[in-house]
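Q: Hi, I have a new model open and would like to talk it through with you. Shall we take a look together?

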Amino acid sequence: MSVSRGWTLRETFIVTVIGAVFAVLYLGWVQAWLIAQAAFGPLTMDVVMGFWFVASMVAAAIIRKPGAAFAAEVLAAAVQVLLGSPAGLLLVVSGIVQGAGAEAVFAATRWRNYSLPVLMAAGVGAAIFSYIYTWIRFDYGALQPTLLVAMFVLRTLSGALLGGWLAHIIVQALYKTGALAGLAIDVEKRSAAA
């Protein structure tokens with residue numbers, strides 16, 4: 001299927017709304033993470049990290065154009081800053097890194113495949129990019145190798161499940177409502193069914 005690379009106003013609006021909605025959800029998720037971390041310890045961040053990637057996969061699966069994953073994640077980070085996130089402007093850097101990790105996977109498919117395995121791979125991509133970034137930012141090299149392996153494995157699994165798989169569920173539920181009619185996801189599903 002030949003897809004136009006330019007964005008419509010509707011697509012831009014949808015990605016913006018996805019970024020804003022997930023910004024609020026991400027801020028709420030911080031609170032859930034802090035409570036869980038107090039109970040279960042520092043590896044909890046890697047277990048729950050995938051949820052902070054989900055906006056990129058939702059946007060990409062709906063819009064199906066270059067830049068959708070990246071834009072949604074950066075917008076979510078920027079809105080969190082505007083809402084007063086204590087992480088401050090460095091949160092935008094995290095959004096850039098995570099969005100780039102997800103976008104790289106879609107780019108590898110030339111923005112033609114948004115199947116569940118690709119969405120899960122995009123979650124893993126975001127996890128790997130974020131792991132590299134946090135390694136540098138928080139000096140993970142000083143940590144024990146077994147802890148580093150556990151953190152990496154947990155983060156990539158979380159990216160696949162709480163990022164990619166959850167995004168798939170969200171997008172399928174949204175599609176069933178009819179709210180995505182006329183968008184790339186709808187056009188592809190209808191042409192596949194014909």
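**Salt bridges and helices**

Q: Let's start with charges: which side chain does arginine 190 meet in a salt bridge?

A: Arginine 190 meets aspartate 186, with N to O at 3.0 Å. Keep in mind that this is a predicted model.

Q: How far apart are those two along helix 8?

A: They are four residues apart in helix 8, so about one helical turn separates them.

Q: How many salt bridges does the structure hold?

A: Four. One of them joins aspartate 46 to arginine 155, with the closest N and O atoms 2.8 Å apart. Aspartate 46 sits in helix 2 and arginine 155 in helix 7, so this pair ties together parts 109 residues apart in sequence.

Q: Are those two buried or exposed?

A: Aspartate 46 is buried, with a relative accessible area of 1%. Arginine 155 counts as buried too, at 0% relative accessibility.

Q: What does glutamate 188 pair with?

A: Glutamate 188 forms a salt bridge with arginine 64, and their closest N and O atoms are 2.6 Å apart. Glutamate 188 is in helix 8 and arginine 64 in the loop between helix 3 and helix 4, so the bridge ties together parts 124 residues apart in sequence. Arginine 64 counts as buried, at 9% relative accessibility.

Q: Switching to helix 7, what is its end-to-end span?

A: Its end C-alpha atoms are 47 Å apart, which agrees with the 48 Å that its 33 residues should span at 1.5 Å a residue. Helix 7 also bends by about 25° at leucine 166.

Q: What covers its buried residues?

A: The cover includes helix 2, helix 3, helix 6 and helix 8. Among the buried residues of helix 7 are Leu148, Met151, Gly159, Gly163 and Val171.

Q: What about the largest nonpolar core, how many residues does it have?

A: It has 43 residues, and Ile18, Tyr26, Met57, Val58, Ile62 and Phe106 have the most contacts inside it. Helix 3 gives the most to this core, with nine residues.

Q: Which residues does tyrosine 26 touch?

A: Leaving out residues up to four places away in sequence, its contacts include Phe51, Trp52, Phe53, Glu73 and Gln80.

Q: Last one: where does UniProt place "transmembrane region"?

A: The unreviewed UniProt entry places that feature at residues 12-34, 40-62, 74-96, 116-136 and 148-171. In the model, residues 12-34 are 100% helix, while residues 40-62 are 65% helix.

How values were computed
Residues numbered from 1 in each chain as written. Predicted model: local features only at pLDDT ≥ 70, side-chain atom pairs only at ≥ 80, totals over all residues. Heavy atoms only, no water. Expected span 1.5 Å × (residues − 1). Bend = angle between axes of the 7 residues up to and from the residue. Buried < 20%, exposed > 50% of the residue type's maximum accessible area, 1.4 Å probe, protein only. Contact = heavy atoms within 4.5 Å. Core = buried A, V, L, I, M, F, W, Y, C linked by side-chain atoms within 4.5 Å. UniProt positions renumbered as here; feature names shortened; annotations may be inferred.
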